[in-house]
Amino acid sequence: MDVPEIADRLASGGGATDSELAALITAEGDDREAVFAAARRVRDREFGKRTFLYGFVYFSTYCRNECSFCYYRKSNSIDRYRKTEDEIVDLARSIRDSGINLADLTMGEDPFMIRNGYENFIHLVSAIRDEVGIPVMASPGAVPHEDFPKLRDAGADIVACYQETYNRGLFADRRLGQDFDYRRNQKVWAMENGMLAEDGMMVGIGETVEDRVHTIREMISLGCDQVRAMTFVPQEGTPMELSGTVDSVNELLCLAAMRLLRHDVLIPATLDVEGIAGMRTRLDAGANVVTSIIPPASHLAGVAQSSMDIEDGHRCADYVISLLKEIGREPATAADLRREFDRRKARL
Ligand code: SAM
Ligand code: MD0
Ligand code: SF4
């Protein structure tokens with residue numbers, strides 16, 4: 001198959017069959033470079049050099065769930081923490097002052113935060129809105145339908161809830177005991193309630209290339225404004241500790257496919273898989289947001305990489321911004337992101 005031709009066709013707004021997409025996300029050598037170059041071209045046409053910066057605030061690592069890939073699954077005997085609301089507000093303030101555009105309020109499905117209709121979580125979101133005033137992403141896990149209006153009223157701009165895979169059998173094996181449709185509906189309910197949504201896939205959790213194509217198509221057709229891929233990182237003490245993973249180039253090719261399929265979607269270059277070393281490759285695959293930026297000395301963890309690059313400051317705003325400038329890209333401001341979100345919300 002002529003992979004450069006497929007990439008160019010998608011870049012100019014044409015379509016592709018599933019087998020063409022499969023060729024695209026398994027491309028090698030010069031073909032692979034052509035895919036990335038097409039994705040960058042589309043990204044720069046849509047967004048210029050501007051890159052959004054999201055701060056990751058993993059404020060509670062308690063969780064009632066048992067996802068087989070996750071370090072924070074309930075039965076893993078690890079040290080856990082839950083920050084107080086005051087601590088989280090202070091963190092969000094320092095994130096804002098360091099030039100980060102958004103606070104991603106993330107937790108495990110923590111019984112303390114979700115009781116009484118997500119009372120404590122909702123309160124936290126409104127505290128960030130009122131006291132810090134930067135855009136907010138809510139990543140609380142799967143939330144009942146009736147609680148979405150409260151999330152919106154508290155000031156959440158975008159809800160993140162990653163399906164990981166649209167293969168139902170694989171989902172059941174990985175997100176043990178969780179309901180596929182309920183999780184899928186998180187994105188729908190967020191958008192119905194006037195918030196943006198982020199969907200995501202994991203790469204290297206036992207899926208086939210065809211599963212990846214199917215998952216990318218489903219995420220794009222749901223109409224989410226942000227989509228991501230993360231390579232699975234094996235975690236100590238979990239059932240998948242020894243299952244191995246795949247080369248992260250597979251993730252990069254999935255990011256490029258998302259960019260080529262929906263030109264103006266927001267796509268994260270996460271620092272949570274390969275640390276700061278992985279930022280450039282992801283941007284070069286067509287990403288336009290840097291996520292999982294974490295202030296040093298905040299005693300906050302990552303998810304896939306719980307500690308990599310955090311305490312030495314290599315996942316902090318200053319460092320990310322200096323590297324961005326080195327590669328000729330520009331950090332966006334919180335006001336830029338606010339405008340971007342408002343424009344997207346108006347389309348919902
Ligand atoms: N607990 C909430 C949830 O599951 O939706 C929000 C946070 S969760 C920890 C965020 C995401 O991190 C997961 O949806 C998954 O995509 C990703 N993740 C978790 N463990 C991972 C791992 N070992 N490797 C790569 N990504 C992982
Ligand atoms: C990230 N570590 O952006 C974060 C996290 C949750 N909304 C995002 C997986 O990579
Ligand atoms: Fe809990 Fe989220 Fe980890 Fe699943 S991925 S165990 S819901 S923290």
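## Basis of the model

The model is predicted, so local features need pLDDT of at least 70 and side-chain atom pairs count only at pLDDT 80 or more, while totals for chains, interfaces and linings use all residues. Residues are numbered from 1 along each chain as its sequence is written, chains are lettered from A and ligands numbered from 1 in the order in which they are written, and side-chain values use heavy atoms, with hydrogens and water left out.

## Ligand 1

Ligand 1 is surrounded by 18 residues, the closest being Met-107, Glu-164, Arg-175, Arg-183 and Val-233. A residue is near a molecule if one of its heavy atoms lies within 4 Å of it. Strands β2 (102-107) and β6 (226-231) each supply at least two residues of this shell. Helices (H or I, at least four residues) and strands (E, at least two) are DSSP runs, numbered from the N terminus.

A nitrogen atom of ligand 1 is 3.0 Å from a polar backbone atom of Met-107, and a nitrogen atom of the ligand is 2.9 Å from a polar backbone atom of Val-233. An oxygen atom of ligand 1 is 2.6 Å from an N or O atom in the side chain of Glu-164. The protein buries 94% of the 560 Å² that ligand 1 exposes when taken alone. Such areas come from the Shrake-Rupley method with a 1.4 Å probe, and for residues only the protein chains shown count as cover.

## Ligand 2

The shell of ligand 2 has 13 residues, with Asp-104, Ser-139, Thr-270, Asp-272 and Thr-291 the closest. Strands β2, β3 (136-139), β6 and β8 (289-293) each give at least two residues to it.

A polar side-chain atom of Thr-291 lies 2.8 Å from an oxygen atom of ligand 2. Of the 300 Å² of accessible area that ligand 2 has on its own, the protein covers 95%.

## Cysteines

A disulfide is a covalent bond between the sulfur atoms of two cysteines. Here it is defined as a pair of cysteine sulfur atoms within 2.5 Å, and by this rule the count is zero. The sulfur of Cys-224 is too far for a bond, because the closest cysteine sulfur, in Cys-161, is 9.9 Å away.

Cys-224 is buried, with a relative accessible area of 1%. Cys-67 is buried as well, at 7%. Buried means under 20% relative accessible area, exposed over 50% and partly exposed in between (1.4 Å probe, protein chains only).

Asn-116 is in helix α5 (residues 111-131) and is exposed, with a relative accessible area of 59%. Its side chain is joined to that of Glu-119 by a polar contact of 3.0 Å. A polar contact is a pair of N or O atoms within 3.5 Å; within protein, one must be able to donate a hydrogen and the other to accept it, and residues adjacent in sequence count only if both atoms are side-chain atoms. Asn-116 and Asp-309 are 193 residues apart in sequence and 37 Å apart in space, C-alpha to C-alpha.

Asp-157 is in the loop between α6 (148-154) and β4 (158-160). Asp-157 is buried, with a relative accessible area of 4%, and its side chain reaches the backbone nitrogen of Val-136 at 2.8 Å.
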